[in-house]
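Hello,

Here is the structure I promised to pass on to you. Please open it next to this message, and my notes will follow.

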Amino acid sequence: MHTEELKQTRTGQVTISSAFLERDVIVDLYMPTGGFSRPSLLLINDGQNLEEMRFAHMLDALVSSGQLQPLLCIGIHAGADRKNEYGTARILDYLGRGAKAAAYNRFVLEELLPFIHTYTGIDSFTQTSFAGFSLGGLTALDMVWHYPQLFSIAGVFSGALWWRTKSLEDDYDDNRDRIMHQQIRNSECRPGLRFYFATGSLDETADRNNNGIIDSIDDTIALIEELARLGYDISRDIRYINYEDGRHDIATWGKAMPAFLLWAFGR
């Protein structure tokens with residue numbers, strides 16, 4: 001990532017040596033240039049994808065036009081062992097993936113967030129949110145759900161909400177074996193949380209229950225239904241957009257990102 005200073009946004013890149021992940025983590029920073037004392041903070045998994053979607057210019061245009069409140073964004077680059085570092089930290093999937101997700105949580109909570117406060121000199125943020133793409137979206141949702149005292153918004157783009165405890169060939173049941181759905185179903189409402197979901201009709205072709213709806217959309221709608229059962233207001237606390245021409249790719253997530261930013265951080 002090359003450093004640049006736009007009208008309202010300054011970019012930079014740092015490397016954090018993580019004891020929990022036992023690797024160096026590259027982090028991209030998208031910082032407001034106005035010297036605001038309490039901007040909002042957005043962490044983004046798979047931060048290596050942000051430059052391709054021209055995230056800095058997108059963010060700068062929204063802030064410069066007055067549509068967006070001051071916002072500090074942190075793009076966390078995924079590591080080589082992404083499928084183990086991402087996932088649901090308390091429950092492994094049926095192949096044992098997510099084995100390092102608890103360590104990733106500790107990296108975010110105990111290494112990344114303290115670093116951000118020290119590096120920026122900002123003691124507290126107006127609100128702190130977490131977003132991600134695909135498996136990174138599931139990870140962001142899992143963290144927001146389990147740390148509502150820290151996070152207020154989850155942004156889930158083509159989330160890997162199929163993450164499950166059983167193979168489809170091993171007596172799998174949607175109502176029992178989808179991990180994130182079960183975690184929410186077995187929890188109580190966390191007041192104050194908000195959730196943004198985006199999918200694409202061309203995310204995939206899989207339709208495991210043969211109902212004519214691809215799994216990506218099915219799993220997202222089912223998760224929203226679980227949140228609604230807990231008492232979240234679909235019109236106030238949850239936003240879901242499906243892009244008919246959307247695919248499981250960076251171009252689609254880049255197209256969806258401005259709508260999320262305006263919903264979450266708009267003036």
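First, the ground rules. This is a predicted model, so local features need pLDDT of at least 70 and side-chain atom pairs count only at pLDDT 80 or more, while totals for chains, interfaces and linings use all residues. Residues are numbered from 1 along each chain as its sequence is written, and side-chain values use heavy atoms, with hydrogens and water left out.

The largest pocket has a volume of about 300 Å³. Its lining has 20 residues, and Ser134, Ala160, Trp162, Glu204 and His248 are the closest to the centre. A pocket here is an open set of points on a 1 Å grid over the protein atoms alone, where a 1.4 Å probe fits, with protein on both sides within 12 Å along at least five of seven lines; lining residues have an atom within 4 Å of a point. Grid points are joined across faces, edges and corners, and the volume is the space filled by probe spheres set on the points.

Helix H2 (82–85) and helix H7 (215–230) are the elements that give two or more residues to this lining, and H7 has the largest share, with three residues. Helices (H or I, at least four residues) and strands (E, at least two) are DSSP runs, numbered from the N terminus. By class, the lining has six nonpolar, five polar and nine charged residues. In that count Ala, Val, Leu, Ile, Met, Phe, Trp, Tyr, Cys and Pro are nonpolar, Asp, Glu, Lys and Arg are charged, and the others, Gly among them, are polar.

Ser134, one of the residues closest to the pocket centre, lies in the loop between strand S5 (128–133) and H4. Its phi is near 55 degrees, a positive value in a residue other than glycine. Ser134 counts as buried because its relative accessibility is 15%; buried means under 20% relative accessible area, exposed over 50%, and partly exposed in between (1.4 Å probe, protein chains only). Ser158, in the loop between S6 and helix H5 (174–177), also has a positive phi, near 50 degrees, and is buried at 2%.

**The cores**

The largest nonpolar core has 48 residues, of which Leu43, Ile74, Phe130, Phe195 and Phe197 touch the most other members. Such a core is a set of buried Ala, Val, Leu, Ile, Met, Phe, Trp, Tyr and Cys residues joined through side-chain atoms within 4.5 Å. Apart from it lies another core, of 31 residues, including Val63, Leu68, Phe157 and Tyr196.

**Single residues**

Leu261 is found in helix H8 (residues 250–265) and is buried, with a relative accessible area of 0%. Not counting residues up to four places away in sequence, Leu261 touches Leu42, Phe55, Met58, Leu62, Leu68, Leu71 and Gly266, where contact means heavy atoms within 4.5 Å. Leu261 and Gln67 are 194 residues apart in sequence, yet their C-alpha atoms are 9.6 Å apart in space.

Asp60 sits in helix H1 (residues 55–64) and is buried too, at 9%. Leaving out residues up to four places away in sequence, Asp60 touches Leu6, Lys7, Gln8 and Thr9.

As for the cysteines, Cys73 is buried at 0% relative accessibility, whereas Cys189 is partly exposed at 30%. The structure holds zero disulfides, taking a disulfide as a pair of cysteine sulfur atoms within 2.5 Å.

Best wishes
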